Amino acid sequence: MGTTSIILEEQGLRDGFQTLTQIIPTEKKLEYIDRLVVAGVTRIQVASFVHPRLVPQMADAEAVCKGLNKKKDVVYSGLVLNLKGVQRGIDAGLDHLACSISASDTHSQKNARLTLEEAKSAFKAMVNLSKENGITVRGGIQCAFGCRYEGPVDEDHVLDMVDHHLDTGIDELALADSTGMGNPKQLGALMQKVMEKAGDTPVILHLHNTENKGYSNFYAATEAGVRIFDTAFGGLGGCPFIKSATGNIATEDTAHAARQMGYETGLDIHKIAEISRELEEVLGEKLPGQLYRLIDKEGIAMI
């Protein structure tokens with residue numbers, strides 16, 4: 001029996017950059033994307049199609065998509081929150097879109113300016129428009145494990161949203177611990193039920209390390225059978241519309257842990273750590289991840 005694989009989708013270009021005050025130039029973003037592909041990354045969320053006034057870092061979404069040096073067998077995706085975003089993603093030439101709504105009514109209104117019921121209706125329209133244009137759709141549920149504004153999110157409510165998403169004909173299902181409030185016991189139990197409902201539909205988990213539980217949640221999810229995770233180089237990330245939101249679990253840290261646990265990711269953590277170190281110098285501050293500081297510039301792991 002061969003080694004089981006875990007796929008890490010790189011979110012640094014979107015989730016990682018969206019909260020930075022320093023604008024990363026389009027050319028630099030494209031360079032990072034190329035370097036991530038060389039490092040073995042096969043799924044990259046390159047941008048989000050949101051209002052540039054609200055998220056200035058994503059104002060160049062179309063330019064990034066136009067400049068992509070697309071490689072075969074690499075998924076280049078964009079995040080969309082409404083029909084206008086879907087159309088922008090289609091016009092930008094992407095063939096994979098992440099259509100996402102929140103399990104929290106309050107967060108939905110802050111993030112997408114829609115009530116939860118309005119967002120669910122809009123979600124169906126987003127999926128339909130994407131499908132009509134041959135787009136592969138990843139259907140996302142944000143704040144699936146807790147909301148800073150509303151507190152705990154009822155498990156049955158999340159499972160109802162899973163049913164809603166699956167009924168629209170999505171190709172992939174993604175749940176996000178957007179606030180980092182989830183705990184391993186809660187997450188493991190819920191993901192087992194989600195995996196059963198999803199059947200042959202791939203399930204993706206988006207974890208934040210806000211309360212320092214991101215990596216224990218990663219372990220719990222692997223035990224529940226999840227094999228695709230969102231990560232961001234250096235542990236960057238956070239939502240502009242969630243108070244105190246912090247970064248994703250770090251790509252290089254997660255890949256290293258996965259390998260120690262007997263999984264293969266196909267990633268060169270040294271090359272990814274180089275990107276994180278470079279960005280640390282650009283930003284002038286330490287990133288949340290740990291491993292990039294334990295690999296020196298000659299690629300020697302101090303671990």
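**Notes on an aromatic cluster**

1. Tyr32 and Phe233 are both buried (under 20% relative accessible area with a 1.4 Å probe, protein chains only; over 50% is exposed, and in between is partly exposed). Please keep in mind that this is a predicted model, where local features need pLDDT of at least 70 and side-chain atom pairs count only at pLDDT 80 or more, while totals for chains, interfaces and linings use all residues. Residues are numbered from 1 along each chain as its sequence is written, and side-chain values use heavy atoms, without hydrogens and water.

2. The rings of Tyr32 and Phe233 have centres 6.1 Å apart and planes at 50°, so the pair is tilted. Rings of Phe, Tyr and Trp (its six-membered ring) pair if their centres lie within 6.5 Å; planes under 30 degrees apart are stacked, over 60 edge-to-face, and the rest tilted. Tyr32 sits in helix α2 and Phe233 in the loop between β8 (228-231) and α10 (251-260), 201 residues apart. Helices (H or I, at least four residues) and strands (E, at least two) are DSSP runs, numbered from the N terminus.

3. Phe17 is buried too, with a relative accessible area of 0%. Phe17, Tyr32 and Phe233 form one aromatic cluster.

4. Across the whole structure, a search finds four aromatic pairs.
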